[in-house]
Amino acid sequence: MQYRKLGKTGLKVSALGFGSMRLPMNNGQVDVESALNVLNKAFDMGVNLVDTAVGYCNQQSEITVGKSLRGRREGITLSTKNPYKGTSGKEWRALLDQSLKRLEIKWIDIYNFHGLTLEQYTNWMGVTDSPIEEALKAKKEGLVRYLGLSCHDTPQNMIKLIDTDLFSSIILQYNILDRVNEDAIAHANSKGLGVIIMGPVGGGRLAAPSEVIRQMIPGKIKSTAELALRFVLSNTHVSSALSGMSTMNMVTDNVRVASLLEPFSSDEMKAMREALEEKRRLSELFCTGCGYCMPCPNGVDIPGNFELMNYYRVYGLVDYSKDEYRKLGDRMKDDVKVPAWAAACKECNECEPKCPRGIKIKEQLKEMHKTLAM
Ligand code: SF4
Ligand code: SF4
């Protein structure tokens, strides 16, 4: 396993972190025995960073992760998150106390503001007894070692949040399909924050095989998932990449990749970046996902369908696109099935005049259904 500095915290974390949002489940409940086996396997193989959150796995992730820490608390860096969105420090603190209780631990290593936005942070400024004041108090009391944030805000707003100098680390999205946060990652690293990546395999999209993606570095990698993880870890500003692992095989595969000391060479990274840029341009030839054509009176998720078609024809993610397409066909709302797939199009033509790219939406949707429903 490779270990990397978590910014200026002094902690050294494994390049592969355990994301506990996909623990094995059974009828809506965490299968505790299987989950503990997977977590312990990862720890035994050198993973020393585990990330959880209040809401993961039907509120059972923190409890399960807490159990996995028994007997090895000192050796593991634990990250969890406070989802509070209001302005009361007291209410924020109550959630911290609940997490400590669920995890059955005395301190949290990295305590994140979950999904913090610049707007929310700005609302806390000038408020007496704000969540920020309470967080600093909790740090003084030793309940929290480092404050962090997880963030889905725009890259510009992320950079402003990084510049507040409040945080020791940041958790953000980055993968070969979504590189919009690259500058924020470099900035966070330059300011001494640890950079933890969520979604290195695109929330599962890149776990599915794609010959197109695998061929970006011919002969060197075994799977799309390997390329995706190695791409993220080849970024030297990254401290660790979180993978949501639910099986022993996922753990062994990911540990193998995260243990490869040799990153992609600068020539390989250049070739891959060029290929990705080309793919991005190609995708945008079809549909930019702007959503101007929405809503469809018949429930079709027009940009969602086009996105899947792009994954299919541009990135070669055949299995993934077909699986997700079927899910669009099974979409439910208030216990009623409201299919959002291309086949639900009634050709009313409300959408086409609104598309700035002049895409022949009706025709394309028909084509899509033929391809993806097969
Ligand atoms: S043409 Fe089809 S996709 Fe477009 S708005 Fe009408 S039903 Fe929806
Ligand atoms: S308006 Fe056109 S480009 Fe925008 S999401 Fe709809 S189909 Fe795609």
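**Cavities and their ligands**

Modeller: The structure holds two cavities of 30 Å³ or more. This is a predicted model: local features need pLDDT of at least 70, side-chain atom pairs count only at pLDDT 80 or more, and totals for chains, interfaces and linings use all residues. Residues are numbered from 1 along each chain as its sequence is written, chains are lettered from A and ligands numbered from 1 in the order in which they are written, and side-chain values use heavy atoms, with hydrogens and water left out.

Biologist: What is a cavity?

Modeller: Rolling a probe the size of a water molecule over the atoms shows where empty space is left. On a 1 Å grid over the protein atoms alone, a cavity is a set of points where a 1.4 Å probe fits but cannot get out. Grid points are joined across faces, edges and corners, and the volume is the space filled by probe spheres set on the points.

Biologist: How much space lies in the largest cavity?

Modeller: About 100 Å³. Its lining has 13 residues, and the closest to its centre are Cys 287, Cys 290, Cys 293, Cys 355 and Ile 359. Lining residues have an atom within 4 Å of a point.

Biologist: How does that lining divide by class?

Modeller: Ala, Val, Leu, Ile, Met, Phe, Trp, Tyr, Cys and Pro count as nonpolar, Asp, Glu, Lys and Arg as charged, and the others, Gly among them, as polar. The lining of the largest cavity has nine nonpolar, three polar and one charged.

Biologist: Which ligand sits in the largest cavity?

Modeller: Ligand 2. To sit there, more than half of a molecule's atoms must lie within 2 Å of the cavity's grid points. Ligand 2 is surrounded by 13 residues, the closest being Cys 287, Cys 290, Gly 291, Cys 293 and Cys 355. Each has a heavy atom within 4 Å of the ligand.

Biologist: How much space is in the second largest cavity?

Modeller: About 90 Å³. It is lined by 15 residues, with Cys 296, Ile 302, Cys 345, Cys 348 and Cys 351 the closest to its centre. Nine lining residues are nonpolar, two polar and four charged.

Biologist: Which ligand sits there?

Modeller: Ligand 1 sits in the second largest cavity. Around ligand 1 are 13 residues; Cys 296, Asn 298, Cys 345, Cys 348 and Cys 351 are the closest. This shell has seven nonpolar, two polar and four charged residues.

Terms used
On a 1 Å grid over the protein atoms alone, a cavity is a set of points where a 1.4 Å probe fits but cannot get out, and a pocket is an open set with protein on both sides within 12 Å along at least five of seven lines; lining residues have an atom within 4 Å of a point.
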